Amino acid sequence: QVQLVESGGGLVQAGSSLKLSCQASGRTFAGYGVGWFRQAPGKEREFVSAITWTAGVTSSAESVKGRFTISRDTEKRTVTLQMNDLKPEDTAIYYCAEGPTLRVVNQCARSPERCDYWGQGTQVTVSS
(Lines give C-alpha, C1' and ligand atoms only; values in the text may rest on other atoms or scores of the structure.)
Protein backbone atom coordinates (compact mmCIF):
# COMPACT_ATOMS: atom_id res chain seq x y z
CA GLN A 1 0.00 0.00 0.00
CA VAL A 2 1.26 3.45 -0.93
CA GLN A 3 0.04 6.75 0.42
CA LEU A 4 0.61 10.03 -1.39
CA VAL A 5 0.20 13.37 0.34
CA GLU A 6 0.43 16.67 -1.52
CA SER A 7 1.40 19.96 0.07
CA GLY A 8 2.53 23.44 -0.90
CA GLY A 9 -0.55 24.88 -2.53
CA GLY A 10 -1.81 28.36 -1.82
CA LEU A 11 -3.01 31.70 -3.12
CA VAL A 12 -0.47 33.72 -5.10
CA GLN A 13 -0.40 36.52 -7.62
CA ALA A 14 0.32 36.02 -11.30
CA GLY A 15 4.03 35.83 -11.97
CA SER A 16 4.77 34.26 -8.60
CA SER A 17 6.19 30.84 -7.81
CA LEU A 18 5.04 27.88 -5.74
CA LYS A 19 6.61 24.55 -4.94
CA LEU A 20 4.36 21.55 -4.55
CA SER A 21 5.51 18.37 -2.84
CA CYS A 22 4.17 14.84 -3.06
CA GLN A 23 5.28 12.73 -0.12
CA ALA A 24 5.12 8.99 -0.67
CA SER A 25 4.96 6.40 2.08
CA GLY A 26 4.72 2.66 1.87
CA ARG A 27 6.27 0.55 -0.87
CA THR A 28 7.58 2.01 -4.09
CA PHE A 29 8.83 0.04 -7.05
CA ALA A 30 11.72 0.59 -9.41
CA GLY A 31 10.45 1.87 -12.72
CA TYR A 32 7.32 3.37 -11.26
CA GLY A 33 6.57 6.97 -12.02
CA VAL A 34 4.82 9.78 -10.20
CA GLY A 35 2.84 12.38 -12.01
CA TRP A 36 1.23 15.70 -11.24
CA PHE A 37 -2.23 16.40 -12.57
CA ARG A 38 -4.59 19.31 -12.14
CA GLN A 39 -8.28 19.93 -12.37
CA ALA A 40 -9.82 23.35 -12.63
CA PRO A 41 -13.51 23.98 -11.79
CA GLY A 42 -15.72 22.76 -14.59
CA LYS A 43 -12.82 21.26 -16.52
CA GLU A 44 -11.43 17.79 -16.97
CA ARG A 45 -8.37 16.64 -15.12
CA GLU A 46 -5.22 17.20 -17.14
CA PHE A 47 -1.70 15.86 -17.05
CA VAL A 48 0.97 18.33 -15.92
CA SER A 49 4.28 16.51 -15.48
CA ALA A 50 5.72 13.16 -14.43
CA ILE A 51 9.00 11.57 -13.39
CA THR A 52 10.26 8.03 -12.81
CA TRP A 53 11.55 7.17 -9.36
CA THR A 54 14.65 5.32 -10.47
CA ALA A 55 16.03 7.01 -13.57
CA GLY A 56 14.47 10.43 -13.14
CA VAL A 57 13.09 10.47 -16.68
CA THR A 58 10.55 13.25 -17.05
CA SER A 59 7.72 14.35 -19.27
CA SER A 60 5.65 17.51 -19.16
CA ALA A 61 2.66 19.07 -20.82
CA GLU A 62 3.39 21.73 -23.41
CA SER A 63 1.41 24.27 -21.41
CA VAL A 64 3.90 24.16 -18.51
CA LYS A 65 7.22 23.57 -20.28
CA GLY A 66 9.70 26.29 -19.41
CA ARG A 67 7.72 27.27 -16.29
CA PHE A 68 7.27 24.08 -14.24
CA THR A 69 10.05 21.70 -13.24
CA ILE A 70 9.54 18.27 -11.73
CA SER A 71 12.15 16.53 -9.61
CA ARG A 72 12.36 13.70 -7.12
CA ASP A 73 14.30 12.86 -3.99
CA THR A 74 14.48 9.11 -3.71
CA GLU A 75 15.81 9.18 -0.15
CA LYS A 76 13.04 11.44 1.11
CA ARG A 77 10.55 9.83 -1.27
CA THR A 78 9.21 13.13 -2.43
CA VAL A 79 8.36 14.44 -5.87
CA THR A 80 8.47 18.19 -6.20
CA LEU A 81 6.82 20.42 -8.77
CA GLN A 82 8.46 23.82 -8.92
CA MET A 83 6.04 26.22 -10.57
CA ASN A 84 7.34 29.56 -11.79
CA ASP A 85 5.68 32.44 -13.60
CA LEU A 86 2.26 31.26 -12.52
CA LYS A 87 -0.75 32.36 -14.53
CA PRO A 88 -4.42 32.59 -13.56
CA GLU A 89 -5.10 29.62 -15.85
CA ASP A 90 -2.88 27.50 -13.60
CA THR A 91 -5.55 27.75 -10.92
CA ALA A 92 -6.68 24.22 -10.08
CA ILE A 93 -6.51 21.43 -7.56
CA TYR A 94 -3.21 19.66 -8.09
CA TYR A 95 -2.96 15.93 -7.51
CA CYS A 96 -0.08 13.51 -7.56
CA ALA A 97 -0.46 9.89 -8.58
CA GLU A 98 1.77 6.87 -8.99
CA GLY A 99 1.72 4.37 -11.83
CA PRO A 100 3.81 1.50 -13.19
CA THR A 101 5.52 3.37 -16.02
CA LEU A 102 5.94 6.92 -17.22
CA ARG A 103 3.81 6.15 -20.27
CA VAL A 104 0.97 4.88 -18.09
CA VAL A 105 1.19 7.87 -15.75
CA ASN A 106 0.88 10.19 -18.74
CA GLN A 107 -2.46 8.53 -19.50
CA CYS A 108 -3.92 8.72 -16.01
CA ALA A 109 -5.68 12.04 -16.57
CA ARG A 110 -8.02 10.34 -19.05
CA SER A 111 -7.92 6.95 -17.34
CA PRO A 112 -7.37 7.56 -13.60
CA GLU A 113 -7.74 3.86 -12.80
CA ARG A 114 -4.45 3.22 -14.61
CA CYS A 115 -2.59 4.95 -11.78
CA ASP A 116 -2.38 2.80 -8.70
CA TYR A 117 -2.50 5.54 -6.08
CA TRP A 118 -3.71 9.12 -5.88
CA GLY A 119 -3.28 11.84 -3.33
CA GLN A 120 -6.08 14.05 -2.03
CA GLY A 121 -4.93 17.16 -3.85
CA THR A 122 -3.76 20.65 -2.96
CA GLN A 123 -5.39 23.87 -4.11
CA VAL A 124 -3.43 26.37 -6.18
CA THR A 125 -5.07 29.72 -6.84
CA VAL A 126 -3.39 32.36 -8.98
CA SER A 127 -4.90 35.84 -8.96
CA SER A 128 -4.46 38.27 -11.82
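Guide: Please do, and bear in mind throughout that this is a predicted model.

Visitor: Why is C115 called buried?

Guide: The relative accessibility of C115 is 4%, and the label applies under 20%, so C115 counts as buried. Leaving out residues up to four places away in sequence, C115 touches A97, E98, G99, V105 and C108. Its C-alpha also lies 9.2 Å from that of G35, although C115 and G35 are 80 residues apart in sequence.

Visitor: What makes C108 and C115 a disulfide?

Guide: Their sulfur atoms are 2.2 Å apart, and a pair of cysteine sulfur atoms within 2.5 Å is assigned as a disulfide, so C108 and C115 meet the criterion. The torsion about their S-S bond is about 100°, so this disulfide is right-handed. C108 has a relative accessible area of 0% and is therefore buried.

Visitor: How many disulfides does a search of the whole structure find?

Guide: The search finds two disulfides. C22 and C96 form a disulfide with their sulfur atoms 2.1 Å apart, which again falls within the 2.5 Å limit. This pair links distant parts of the chain, since C22 belongs to strand β3 and C96 to strand β9 (residues 92-99), 74 residues apart. Both C22 and C96 are buried. With bonded cysteines counted along the chain, the disulfides follow the pattern 1-2, 3-4.

Visitor: Why is the disulfide of C22 and C96 called right-handed?

Guide: The torsion about the S-S bond of C22 and C96 is about 70°, so that disulfide is right-handed.

Visitor: What makes β3 and β8 paired strands?

Guide: Pairing requires at least two bridges, and six bridges join strand β3 (residues 18-26) to strand β8 (residues 78-83), so these antiparallel strands qualify as a pair. Within this pairing, S21 stands opposite T80 in β8. Both strands belong to an open sheet of four strands in the order β1-β3-β8-β7, with antiparallel pairing.

Visitor: Why are β1 and β7 called edge strands?

Guide: β1 (2-7) and β7 (68-73) are the edge strands, and each pairs on one side only. Neighbouring strands of this sheet are turned by 15° against each other on average, direction ignored.

Visitor: How do you know that strand β5 is largely enclosed by the rest of the structure?

Guide: Six of the seven residues of strand β5 (residues 46-52) are buried, so β5 is described as largely enclosed. Strand β4 (residues 33-39) pairs with β5 in the antiparallel sense over six bridges, and G35 stands opposite A50 in β5. β4 and β5 form a hairpin with six residues between them, and G42 in the turn has a positive phi of about 75°. Three bridges also join β5 to β6, which run antiparallel; as at least two are needed, β5 and β6 therefore count as paired. β5 and β6 form a hairpin with five residues between them, where G56 in the turn has a positive phi of about 75°.

Visitor: Why is S59 called buried?

Guide: S59 has a relative accessible area of 17%, which is under the 20% limit, so S59 is buried. S59 is found in strand β6 (residues 58-60), and A50 stands opposite S59. Leaving aside neighbours within four places in sequence, S59 is in contact with F47, S49, A50, L102 and N106.

Visitor: What makes the approach of S59 and N106 a polar contact?

Guide: The side chain of S59 lies 3.0 Å from the side chain of N106 at this contact, and the limit for such a pair of N or O atoms is 3.5 Å, so the distance meets the criterion.

Visitor: Which residues of the largest nonpolar core touch the most other members?

Guide: The core has 37 residues, and those that touch the most other members are W36, F68, V79, L81, M83 and Y94. Setting aside neighbours within four places in sequence, F68 is in contact with R38, V48, L81, Q82, M83, N84, L86, D90 and Y94. As general background, nonpolar side chains tend to be buried together in soluble globular proteins.

Note on methods. Residues are numbered from 1 along each chain as its sequence is written. Side-chain values use heavy atoms; hydrogens and water are left out. Axes are lines fitted to C-alpha atoms, for helices over the stretch in contact, and angles run from 0 to 180 degrees between N-to-C directions. Buried means under 20% relative accessible area, exposed over 50%, partly exposed in between (1.4 Å probe, protein chains only). Contact means heavy atoms within 4.5 Å. A polar contact is a pair of N or O atoms within 3.5 Å; within protein, one must be able to donate a hydrogen and the other to accept it, and residues adjacent in sequence count only if both atoms are side-chain atoms. A nonpolar core is a set of buried Ala, Val, Leu, Ile, Met, Phe, Trp, Tyr and Cys residues joined through side-chain atoms within 4.5 Å.
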